[in-house]
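I want to see how the chains are built, how they are related and how they meet.

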Amino acid sequence: MRFRLIPKEERFFDDFVGMAEQIRVGAGLLQEMVAPDQPIWDKADEIKEVEHKCDFLTHSVIQRLHKTFVTPLDREDIHALARSLDDVIDAIDDSAAVLRLYKIDHVRQEARDQVRVIVACTDQLVSAMKALGKKMEISGCAVEINRLENEADRIHQAALRRLFEEERDPIAIIKWKEILDFLELATDRCEDIANVLEGVVIKHA
Amino acid sequence: MRFRLIPKEERFFDDFVGMAEQIRVGAGLLQEMVAPDQPIWDKADEIKEVEHKCDFLTHSVIQRLHKTFVTPLDREDIHALARSLDDVIDAIDDSAAVLRLYKIDHVRQEARDQVRVIVACTDQLVSAMKALGKKMEISGCAVEINRLENEADRIHQAALRRLFEEERDPIAIIKWKEILDFLELATDRCEDIANVLEGVVIKHA
Amino acid sequence: MRFRLIPKEERFFDDFVGMAEQIRVGAGLLQEMVAPDQPIWDKADEIKEVEHKCDFLTHSVIQRLHKTFVTPLDREDIHALARSLDDVIDAIDDSAAVLRLYKIDHVRQEARDQVRVIVACTDQLVSAMKALGKKMEISGCAVEINRLENEADRIHQAALRRLFEEERDPIAIIKWKEILDFLELATDRCEDIANVLEGVVIKHA
């Protein structure tokens, strides 16, 4: 029998890295979806599969949380991280779902720009989760996510301004407003994770 | 003088059953409201009264929580359950309020289907809260609520698809989108409760 | 060397008073913005500055929370208060931002009424936070905020009713619905603070 070198509770970090990597995959699929002028609607199914995988990982983190006596981070932080990561993929999934539901056949450029920022945010999430498990510096990732969220917010505001200035069809406005808002929500929720991480860093300083 | 057989803190479970039963009443009233082709607008007042009763129960749970030293469940779980139950009746109340506010005079079939699922979810909530107080199995209820939430989600998506395909009046789309979203929120929030319950079960396994 | 008469952790209360006072300033600026028939769009920049100051104060509260061993209130309550105060200024900032983004050139009277209630709520927030630091009675403020929230809710409902009755331009409805909803959110979030405060009072009774 081999010794168990990695204590069971360290698996939390592996799960967090796993979730972040899945979210990164989901963001990449969304980027492929909106790359052409007409979105590739079928990508919504692939993103939904990724969302199911994240759901499963969230449940397994929360189940492990309730079964583990000594946790590597405060229980509330583990719970908040799992829930926040799940919220990011939900926003990505919602964005893809409405792009198809509304039969969007022409991608607005700002949506593409927002997705580019989402992808950059999820790169930072993967780095942050890997660093967290190795007790390495993560504040750089948090700062970068905050910067990206500000950029996403500016793009979102500009997108809404142009939408209301140029679009005369109210139904198109309703559809696009919801899509742009879901994309903005995805980066907002990455920022929520950055806030949780900042708290974790301070506590363990 | 009689012995106090039921310790004071057990009243938490009675309050939770009471809240779930009120929510079930609210869901039933919403079902009556949308049963005929033209919704019975006055039901919105009856639902508002139920919502006030739940508000009162939520406050009494939270006040008891702060006064009780030893609680039968973790304080955070009691708080989360009270808040989540209150969120369900709020979504039901919001749905009824906008049906009247927007003077809806013809119920869309999918809305009726969503309400049917909400009623089924609230039946499960009552069963789950009763089982919780008797330390009985509740995971069956949690699984069923998850299944119902998936069904509600499919109905909601189909409802939006048909709404945007068939309805040409943008103002009608704005109104109905909000109603359908509130109905979807009600089942979403039942799922939040199921998630809290799952955590409780695991902790006390 | 002088003795430190005020222990470090008491600064939490100073920060909360500081946040509430900033929020009060933000609400006052919003009131100036919507006072004339055509809103003073540039006020949105001043409100954004106030929002940044509150962000900074929220971060400093949360950083202090993680560094302080003995806190004057439960950690979860300090966290909830900081986050809820930040949520209020966010809703005020969002309201101002969309008033400008949508190039609103005529203020609807109910929006002005909602802002008046927001200002009254933030007066109560300042009083409540000052009283909290002096261990004085705060339930009067909580009751008044609840009353104001009910008033705001009635104004919001009446505003939506008139909007949908009178406005024929769907794009104007989309814009105004979002503004009225953000204003309602600001008072809702003041009520969230009142709920946290009620809990604090009961625990320390």
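**Contacts first.** I count two residues as in contact if their C-beta atoms, placed from the backbone, lie within 7 Å. This is a predicted model, so I keep its limits in mind: local features need pLDDT of at least 70, side-chain atom pairs count only at pLDDT 80 or more, and totals for chains, interfaces and linings use all residues. Residues are numbered from 1 along each chain as its sequence is written, while chains are lettered from A and ligands numbered from 1 in the order in which they are written.

**Do the copies meet through like or unlike surfaces?** I looked up the interface residues of chain B. Only 20% of them are also interface residues in chain A, so the copies meet through different surfaces.

I took helices (H or I, at least four residues) and strands (E, at least two) as DSSP runs, numbered from the N terminus. Chain A has 6 helices and 0 strands. Along the sequence I read the pattern α-α-α-α-α-α. I then checked the radius of gyration, taken over C-alpha atoms, against the globule rule, 2.2 Å times the number of residues to the power 0.38. Chain A comes out at 18 Å, close to the 17 Å that the rule gives for 205 residues, so chain A is as compact as a globular protein of that length. Along the principal axes, its C-alpha atoms fill a box of roughly 65 × 35 × 25 Å.

**How are the copies related?** Two copies of a chain are related by a rotation about an axis and a shift along it. I superposed them by least squares on the C-alpha atoms of residues with pLDDT of at least 70 in both. Chain B goes onto chain A by a rotation of 120° with 0.0 Å of shift along the axis, at RMSD 0.0 Å. That is the relation of a three-fold axis. I also superposed chain B on chain C: the rotation is 120°, the shift 0.0 Å and the RMSD 0.0 Å. In chain B, the C-alpha nearest that axis belongs to B:Pro170, 3.6 Å away.

**Chain B against chain C.** Here 9 residues of chain B are in contact with 10 residues of chain C. On the chain B side, helix H2 (43-67) and helix H6 (170-203) each give two or more residues. H2(B) gives the most, with 4 residues. I sorted by class: Ala, Val, Leu, Ile, Met, Phe, Trp, Tyr, Cys and Pro count as nonpolar, Asp, Glu, Lys and Arg as charged, and the others, Gly among them, as polar. This side divides into 6 nonpolar, 2 polar and 1 charged.

**Chain B against chain A.** Now 10 residues of chain B are in contact with 9 residues of chain A. Helix H5 (139-166) and H6 of chain B each supply at least two residues of this side. H6(B) has the largest share, 6 residues. The classes on this side are 6 nonpolar, 2 polar and 2 charged.

The axes of H6(A) and H6(C) come within 9 Å and cross at roughly 30°. I call angles under 35 degrees roughly parallel, over 145 roughly antiparallel, 65 to 115 roughly perpendicular and the rest oblique. H6(A) and H6(C) are therefore roughly parallel to each other. A:Pro170, A:Ile173 and A:Ile174 meet C:Pro170, C:Ile171 and C:Ile174.

I moved on to H6(A) and H2(C), whose axes come within 8 Å and cross at roughly 35°. A:Gly199, A:Ile202 and A:Lys203 meet C:Ile62, C:Gln63, C:His66 and C:Lys67.

**Inside chain C.** I looked up helix H3 (residues 75-101) with H6(C): their axes come within 9 Å and cross at roughly 165°. H3(C) and H6(C) are therefore roughly antiparallel to each other. Their contact has 17 nonpolar, 3 polar and 6 charged residues.

Terms used: Axes fitted to C-alpha atoms, helices over the stretch in contact; angles between N-to-C directions.
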